[in-house]
Amino acid sequence: MRPEESSATRVLSLIEVLGRLMPKSDLESLVYVSSAARLLSLDEMEYLLQRARERNKEYGITGVKLQIDGNYLQYLEGPKDNLEIIYRIIQQDEQHSGLILIARDAIESRQFGDWPLAYYAMDGRDDVGSPDERKLIEKMQELPGDNPNAALIVLKSFWDRGHSQ
């Protein structure tokens with residue numbers, strides 16, 4: 001084997017190794033919790049969700065927002081830079097307070113596919129959200145066996161808490 005072939009082979013091997021170590025996409029997920037500044041009426045919440053869904057769709061963001069007695073947990077996923085833009089908008093929103101970022105992880109694929117923002121509220125009265133949204137969120141409780149990310153674990157815990165009350 002000639003020396004230049006050996007060097008080329010080593011470079012290709014190194015590229016293969018690096019390719020396996022690098023994330024396959026620029027997708028990230030994040031999850032945060034916050035508290036409502038005041039409880040919104042159903043009409044106000046529907047308007048807020050409509051605006052958020054339109055913006056999320058524009059930026060390629062998908063996810064879910066859960067509410068339990070005025071406390072929110074939101075899981076979002078999408079391209080890293082777009083996710084940062086949406087998160088900054090959320091941070092400036094005065095509809096909630098005490099926002100705490102719980103986890104932010106690189107992900108290889110989406111969990112919420114084409115859902116710009118599924119929503120479900122368990123507020124002690126009646127659950128609010130469509131049957132399709134409930135099915136989607138319940139499906140998410142089946143965490144992947146191979147190392148689920150922290151955001152999904154927190155989402156599952158919040159959902160389980162709401163159903164144990």
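Strands S2 and S3 form a hairpin with two residues between them, and Asp69 in the turn has a positive phi of about 45°. The model is predicted: local features need pLDDT of at least 70, side-chain atom pairs count only at pLDDT 80 or more, and totals for chains, interfaces and linings use all residues. Residues are numbered from 1 along each chain as its sequence is written, and side-chain values use heavy atoms, with hydrogens and water left out.

Helices (H or I, at least four residues) and strands (E, at least two) are DSSP runs, numbered from the N terminus. Asp69 lies in the loop between S2 (62-68) and S3 (71-79). Its phi is positive although Asp69 is not a glycine. Most residues other than glycine have a negative phi. Asp69 is partly exposed, at a relative accessible area of 43%. Here buried means under 20% relative accessible area, exposed over 50%, and partly exposed in between (1.4 Å probe, protein chains only).

S3 pairs on two sides of the sequence record of strands: with S2 and with S1. Two strands pair if DSSP finds at least two bridges between them. Seven bridges join S2 to S3, and the two run antiparallel. Ile68 has Asn71 of S3 as its bridge partner. S1 and S3 also run antiparallel, joined by nine bridges. There, Tyr32 is bridged to Gln74 of S3. S3 is mostly covered, with eight of its nine residues buried.Helix H3 has 13 residues and reaches 19 Å from its first C-alpha to its last. This is close to the 18 Å expected at 1.5 Å a residue, where the expected span is 1.5 Å times one less than the number of residues. Leu83, Ile86, Tyr87 and Ile90 of H3 are buried. They lie on the same side of H3, because they cover an arc of only 100° around the axis. The arc is that of the directions from the helix axis to the C-beta atoms. An α-helix has 3.6 residues a turn, so residues three or four places apart point the same way. The face of H3 turned away from its buried side carries the exposed residues Asp81, Arg88 and Gln92. Cover for the buried residues of H3 includes S1, helix H2 (42-59), S3 and S4, with contact taken as heavy atoms within 4.5 Å.

The count of aromatic pairs comes to two. Rings of Phe, Tyr and Trp (its six-membered ring) pair if their centres lie within 6.5 Å; planes under 30 degrees apart count as stacked, over 60 as edge-to-face and the rest as tilted. Tyr32 and Tyr87 form a tilted pair, 6.1 Å centre to centre with 55° between the planes. Tyr32 lies in S1 (residues 27-36) and Tyr87 in H3 (residues 80-92), so the pair ties together parts that are 55 residues apart in sequence. Tyr32 is buried at 1% relative accessibility. Tyr87 is buried at 6%. Tyr75 and Phe112 form a tilted pair as well, at 5.5 Å centre to centre and 50° between the planes. This pair links distant parts of the chain: Tyr75 is in S3, and Phe112 is in the loop between S4 and strand S5 (118-122), 37 residues apart. Both Tyr75 and Phe112 are buried.

A charge also sits over a ring. The charged end of Lys65 is placed over the ring of Tyr72, 4.4 Å from its centre. The criterion is NZ of Lys or CZ of Arg within 6 Å of the ring centre and within 35 degrees of the ring normal.

Ala106 belongs to S4 (residues 96-106). Ala106 is exposed, with a relative accessible area of 53%. Ala106 touches Leu27 and Glu28, not counting residues up to four places away in sequence. Ala106 and Asp26 are 80 residues apart in sequence and 7.3 Å apart in space, C-alpha to C-alpha.
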